[in-house]
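The sequence and structure come next.

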Amino acid sequence: MREMYPQIEPYRTHRLAVDATHTLYVEECGNPAGLPVIFLHGGPGAGLASYHRRFFDPARYRIVLFDQRGAGKSTPFANLTDNTTWHLVADIETIREKLDIERWVVFGGSWGSTLGLAYAQTHPERVLGLVLRGIFLCRPEEIRWFYEEGGASWILPEKWQRYAAAIPPEEHGEMMEAYWRRLSSDDETVRLAAAQAWGTWEGGSITLEESPGTEASFAAPDIALSLARIEAHYFRHHGWFEPDQLLRDVAKIRHIPATIVHGRYDIICPAKSACDLHATWPEADFHIVLAGHAASEPAIVDQLVQATDRLADRYV
C-alpha cells in the first residue's frame, strides 16, 4: 500500500484578486520546475488542509493549491456573491495564467471531482491528466440522498436524527430549504447553529470507521460556516449544471488520461455516481476500494498516489 509523501510547506504563496469582491489564497509546493498539478478541494467551502499537498511526489511535481471563493484563507469568508461553479472554473484559469502554466494535471475529490470535470470539459486543451476521487456529479438525486431523507439517513439514523433535530418537524419535507433559511439568516447565532449541525452530519459521515476528531473539525466555526453556507447555496442550484451535464460532456475529455477512485462504502457520495461516470467513460482507469468518502483513508491514498506517480512517470 502506498502512503502519502512527507509533509511539506509552500515555497511561495499568493493573494490573487479575481474580482472586486473575492481574493484567493494560492500556494505552490514541491519542485518549481516540476509537472504542474492543480488541487481542487471539496465542499464546496471546505478549504485546504496541509495533507492535501502530500498526494504528489514533491521532487517531480509543482503543486498548486488554492482556497476556493469564500473558503479557508480566501476572502471574504463564507461570501456567496458571484460564487458559482462557473466563477470557480474561471478562477482556475486565472491562476493558471498568473503562474504562467501552459497545461497541468487536475486532481480533485468529492466536490473537487465535480469542479475538476467542469473545468476539464470547459478547457480540455489545458489538462494533461485527471485524478478524481469520491465522484459527485451534483445531480438532484445525489443531493437528496445525503441532505434530504433520501438514503443516508437509513444508514446513519442516529446521526441523521441530530441533523434533523436542528429543524422543526413541520419543515422536514424540505431540509435543504429549511437549512438555507437559517444559513442565510441575518442572525449570526442562527447561522452558526445551523452550520454546526450541518458540519457535524457531514463530518460524522465521511470516514468508514468512526472518527470523532473529524466530526468535531467539521463543526468548528471556521469550517462549518463556509462549508454549510456555500454547499447549501450551490446545491440549491444543482451547481448551475444542466441535467446530467457532466456525463453528457465526457466526450470532450475522453482522450485525457484519467483515474477514478471511489470508496465502496462512501455514504456521502454513493458509488453509483462513480459507476455512472465510468460507464460513460470506460477509457478511464477505475478503482472501487474498501473505504468510505475521506481522501485520507488508506485504500484511497494508495490508489491516488499510484495515479499521480503514473502521470509523473508519463510526463517527467
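## Terms and basis

Contact means heavy atoms within 4.5 Å. The model is predicted, so local features need pLDDT of at least 70 and side-chain atom pairs count only at pLDDT 80 or more, while totals for chains, interfaces and linings use all residues. Residues are numbered from 1 along each chain as its sequence is written, and side-chain values use heavy atoms, with hydrogens and water left out.

## Nonpolar cores

A nonpolar core is a set of buried Ala, Val, Leu, Ile, Met, Phe, Trp, Tyr and Cys residues joined through side-chain atoms within 4.5 Å; buried means under 20% relative accessible area with a 1.4 Å probe, protein chains only. The largest such core has 75 residues, of which Ile-95, Trp-104, Leu-130, Tyr-179, Trp-198 and Trp-281 touch the most other members. Helix 9 supplies the largest share of this core, 8 residues. Helices are DSSP runs of H or I with at least four residues, strands are runs of E with at least two, and both are numbered from the N terminus.

Leaving aside neighbours within four places in sequence, Trp-281 is in contact with residues including Leu-117, Leu-130, Leu-132, Val-250 and Arg-254. A second, separate core of 28 residues includes Tyr-61, Phe-107, Leu-128 and Val-305.

## Largest pocket

A pocket is an open set of points on a 1 Å grid over the protein atoms alone, where a 1.4 Å probe fits, with protein on both sides within 12 Å along at least five of seven lines; lining residues have an atom within 4 Å of a point. The largest pocket holds about 810 Å³ of space, a volume being the space filled by probe spheres set on the points, which are joined across faces, edges and corners. It has 49 lining residues, and Ala-46, Gly-47, Tyr-51, His-52 and Phe-218 are the closest to its centre.

Helix 9 gives the most to this lining, with 6 residues.

Arg-69 sits in the loop between strand 4 (61–66) and helix 1 (85–98) and is buried at 4% relative accessibility. Its side chain makes a polar contact (N or O atoms within 3.5 Å, one able to donate a hydrogen and the other to accept it; residues adjacent in sequence count only if both are side-chain atoms) of 2.9 Å with the side chain of Asp-19.

Leu-16, in strand 1 (residues 12–17), is buried with a relative accessible area of 11%.

Notes
Buried < 20%, exposed > 50% of the residue type's maximum accessible area, 1.4 Å probe, protein only.
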